[in-house]
Amino acid sequence: MPLALAYSADFPAIADAVFILPAGTQELPVTAAADLPEAARQYVAARLQADDKLISVNQYTHHHYYVVAEDKKTADLGREALRKAGHKLHAQLKADEVAELYICNLAAIGGALALAEGLALTAYQFEGYKTDEKSKKPAVLQQLTLVGPDLSAEQVQELDGVLQGVYLARDLVNMPYSHLNATQLAQQFEQAGEAAGFHVEVLDLVRIEALRMGGLLAVNQGSPEPPTFTIMEYKPEGATNAKPIVLVGKGVVYDTGGLSLKPTPNSMDLMKCDMAGSAVVVGVLTALAKNKVPLHVIGLVPATDNRPGGPALAPGDVITMYSGLTVEVMNTDAEGRLILADALAFAKKYEPQLVMDYATLTGSAVRAIGIEGTVYMGTADEDTMLALKKAGNATHERLVEFPLWDEYADHIKSPIADISNLGKAEAGAISAGKFLERFTEGYPWVHFDIAGPAFLTAPDSYRGKGGTGTAIRSTYAFLKGII
């Protein structure tokens, strides 16, 4: 079970509590030391003077913790330091077997929310499929109660809604193909829609064929499982946008590479995560609906696995896409752009205000900036791109903009079709984006290549190991800024 978040104007005298202190604190404020015995005060004061950032005091009936905020170049980086402090604090809480923690902020505005965010994201655990009793035992820490005059119950509830979207996305990314084929993924979307309050329609193979979604059908050719195309719509009364915002997510539930087979170690064995883009879409919609954000948002997810069986798509084949464009498929492991292209062309029917797509698309993006950020590019105006970057900085899901210069179109030229699905070795993330751009006529568009941060093979602070739910918090922050 994920942590529960709550708000309170005050907290009991005997309670496990953490106090967030301003950067450079050398002496405890009275509000953080009211019930401490003199020896404990002296101990904390000594640790503060030694520049400790996390101090723990065991009072036997309860614990007090002190987190010292860090003086960073920007407020965004200061909040990120508190998220990471939340990660470190979680280890101490686990050792102390704390069930409920009160968070009292005596530092900068927003400090309690940032610390709680880091704690809650660290506390996430994928339930998995182990059968022993120890694995089934719930975590001791069950609730975070945020305290302080700089907070409101609505702010805490909003954070909880966003976290629920991240938890859902992490769960989906962590689920193996044996439990999450394209049909099962669509069923998960239906359950999420019912729980959060948005409409879900799932198109089956017959309807996909009727629409002539050539990219999705081609990638699915080698699979024993049918594809799905899911349309999710959140349209609350009083939506502030006359035209919808459309989110598109890559839903390759498992990727062998097709006939262009991947190597197994550190590649194919991790490819259950290749649907992380689709998890972003449902995670954002969940957060919006849970928090009743007044925006009309549509999510589109083409889903299939990519296998080399039977009549699988072969390198050199030419396919006709939903848009009517022809594509020479030079590598069947460049399949994500094929299914995304059909969804991007389909998005035009909604006359959208903006379309944003999310995909674990290229190793080139990972090689360029690692797991520390997300590559983005697009045709949206500069104000939109800047607002996205600011939202990324605010949530520490940082964005690096790549160019989409006209010259990159030469990278995907084909001698026998309109375009090729494979560019040069250089600028691979950009040529993938340039491919997608051909299917985005008629609306502004932004592409996010989340291949680096979407799934981590080693723990990284509050992002953890495995699915991270990256891009949900930043996209939510950006969309809230539109209102």
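Is Leu-300 buried or exposed, and what is its relative accessible area?

Modeller: This is a predicted model, in which local features need pLDDT of at least 70 and side-chain atom pairs count only at pLDDT 80 or more, while totals for chains, interfaces and linings use all residues. Residues are numbered from 1 along each chain as its sequence is written, and side-chain values use heavy atoms, with hydrogens and water left out.

Leu-300 is buried, at a relative accessible area of 0% (buried is under 20%, exposed over 50% and partly exposed in between, with a 1.4 Å probe and protein chains only). Leu-300 sits in strand β11, residues 297–306 (strands are DSSP runs of E, at least two residues, and helices are runs of H or I, at least four, numbered from the N terminus). Beyond its neighbours within four places in sequence, the contacts of Leu-300 include Phe-229, Ile-231, Val-246, Val-248, Gly-249, Val-281, Phe-346 and Tyr-350 (contact means heavy atoms within 4.5 Å). Ala-343 is another residue in contact with Leu-300. Ala-343 is 43 residues from Leu-300 along the chain, yet their C-alpha atoms are 6.6 Å apart.

Next come the charged pairs. The model has 18 salt bridges (a side-chain nitrogen of Lys or Arg within 4 Å of a carboxyl oxygen of Asp or Glu).

One of them joins Lys-250 and Glu-335, at 3.5 Å from N to O. Lys-250 counts as buried because its relative accessibility is 3%. Glu-335 is buried too, with a relative accessible area of 1%.

Glu-80 and Arg-83 form a salt bridge whose closest N and O atoms are 2.8 Å apart. Both are in helix α2 (residues 75–96), three residues apart, or about one turn of the helix, and both are buried.

Lys-434 and Glu-437 also form a salt bridge, with 2.8 Å between the closest N and O atoms. This pair lies in helix α13 (residues 428–437), again three residues and about one turn apart. Lys-434 is buried at 6% relative accessibility, whereas Glu-437 is partly exposed at 21%. Elsewhere, salt bridges with shared partners join Glu-80, Arg-83, Glu-117, Glu-397 and Arg-473 into one network.
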